[in-house]
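Try each task before you read its solution.

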Amino acid sequence: MENSETKKFLIVGAGRSGLAAKRLLLQKGYDTKNIITFDEKETTADFSDIEQIQTTVFSDVVVSPGFPLNKPFLMDLLNPKGGTAKPKLWSELSLAFKLLTTEKTIAITGSVGKSTTSFIIQLMFEEAGQTAFLGANFGTPLCEYVSEVYFSKTKPKSDWLVLELSSYQLENFQNFNCDYSVI
């Protein structure tokens with residue numbers, strides 16, 4: 001992430017993941033006026049009508065899980081016409097992963113049993129005397145973990161990150177690099 005004064009972020013989705021991404025960007029030093037949230041359903045969003053943001057040029061677009069990239073308004077935002085620069089696409093997970101330091105990661109995905117498997121793996125690490133954060137699709141967004149551990153320092157760093165990942169979370173997860181994965 002470059003100079004905070006030249007970046008203009010759009011966060012698509014103002015649920016828990018979107019708000020965690022916004023909080024993390026603010027903690028990284030980005031100005032609140034350069035971080036805009038959009039959600040058609042959430043009242044916590046800055047904007048709920050796509051027409052309100054269509055004329056704004058964004059350098060970065062963070063897409064929360066649950067917003068498929070093939071939605072027409074997202075396709076238009078990510079593929080602008082008229083010579084406008086294409087914004088960098090981020091997922092909430094990609095944003096958080098960029099700031100992790102020493103944690104080892106294990107990612108669990110699939111159609112059935114992700115939550116149970118993730119929970120059992122977390123318990124196994126804790127039984128072995130390791131600390132393990134359980135999150136992503138399973139409750140706590142990864143941006144929230146990074147925010148609490150690296151910026152507000154309200155929680156200690158975990159040895160392991162056990163991440164339950166839905167297909168929506170994997171859809172635009174750039175530079176996915178975990179230590180172990182389970183399908």
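**Exercise 1. The fold in outline**

How many helices and strands does the secondary structure of the chain come to? Then write down their order.

*Solution.* Keep in mind that this is a predicted model. Counting through the chain gives 6 helices and 8 strands.

**Exercise 2. Overall dimensions**

Work out whether the radius of gyration of the chain agrees or disagrees with that of a compact globule.

*Solution.* Start from the chain length: for 183 residues, a compact globule would have a radius of gyration near 16 Å. Now compare the model, where the value is 17 Å, which agrees. For the extents, the C-alpha trace spans about 55 × 35 × 30 Å along its principal axes.

Of the 183 residues, 47% are buried. Take the contacts between residues at least 6 apart in sequence: 73% of them join residues at least 24 apart.

**Exercise 3. Surface and charge**

Describe the accessible surface of the chain and the placement of its charges.

*Solution.* First the area: the accessible surface comes to about 9,500 Å², and carbon and sulfur atoms account for 51% of this. Then the charges: there are 18 positive and 21 negative ones, and their mean positions lie 4 Å apart.

**Exercise 4. The cysteines**

*Solution.* Step one is to find the cysteine sulfur closest to that of Cys143: it belongs to Cys178 and is 17 Å away. Step two is to apply the cut-off: a disulfide needs the two sulfur atoms within 2.5 Å, so 17 Å is too far for a bond. Starting from Cys178 leads back to Cys143 as the closest partner. Step three is to check the whole structure, where a search finds 0 disulfides.

Are these cysteines buried or exposed? Cys143 has 0% relative accessibility and so counts as buried. Cys178 is buried as well, at 19%, given that buried means under 20%.

**Exercise 5. A residue in a loop**

Locate Phe173 and list what it touches beyond its sequence neighbours.

*Solution.* Phe173 sits in the loop between helix 6 (167-171) and strand 8 (180-182). Its relative accessible area is 9%, so Phe173 is buried. Leaving out residues up to four places away in sequence, Phe173 touches Ser91, Leu93, Ser94, Phe97 and Leu165. Finally, look at Leu95: this residue is 78 residues from Phe173 along the chain, with 9.1 Å between their C-alpha atoms.

Methods
Residues numbered from 1 in each chain as written. Predicted model: local features only at pLDDT ≥ 70, side-chain atom pairs only at ≥ 80, totals over all residues. Heavy atoms only, no water. Helix = DSSP H or I, 4+ residues; strand = E, 2+ residues; numbered from the N terminus. Rg over C-alpha atoms; globule rule 2.2 N^0.38 Å. Buried < 20%, exposed > 50% of the residue type's maximum accessible area, 1.4 Å probe, protein only. Contact = heavy atoms within 4.5 Å. Areas by Shrake-Rupley, 256 points an atom, 1.4 Å probe, with all protein chains shown as cover. Lys, Arg positive; Asp, Glu negative; His and termini not counted. Charge placed at Lys NZ, Arg CZ, Asp CG, Glu CD.
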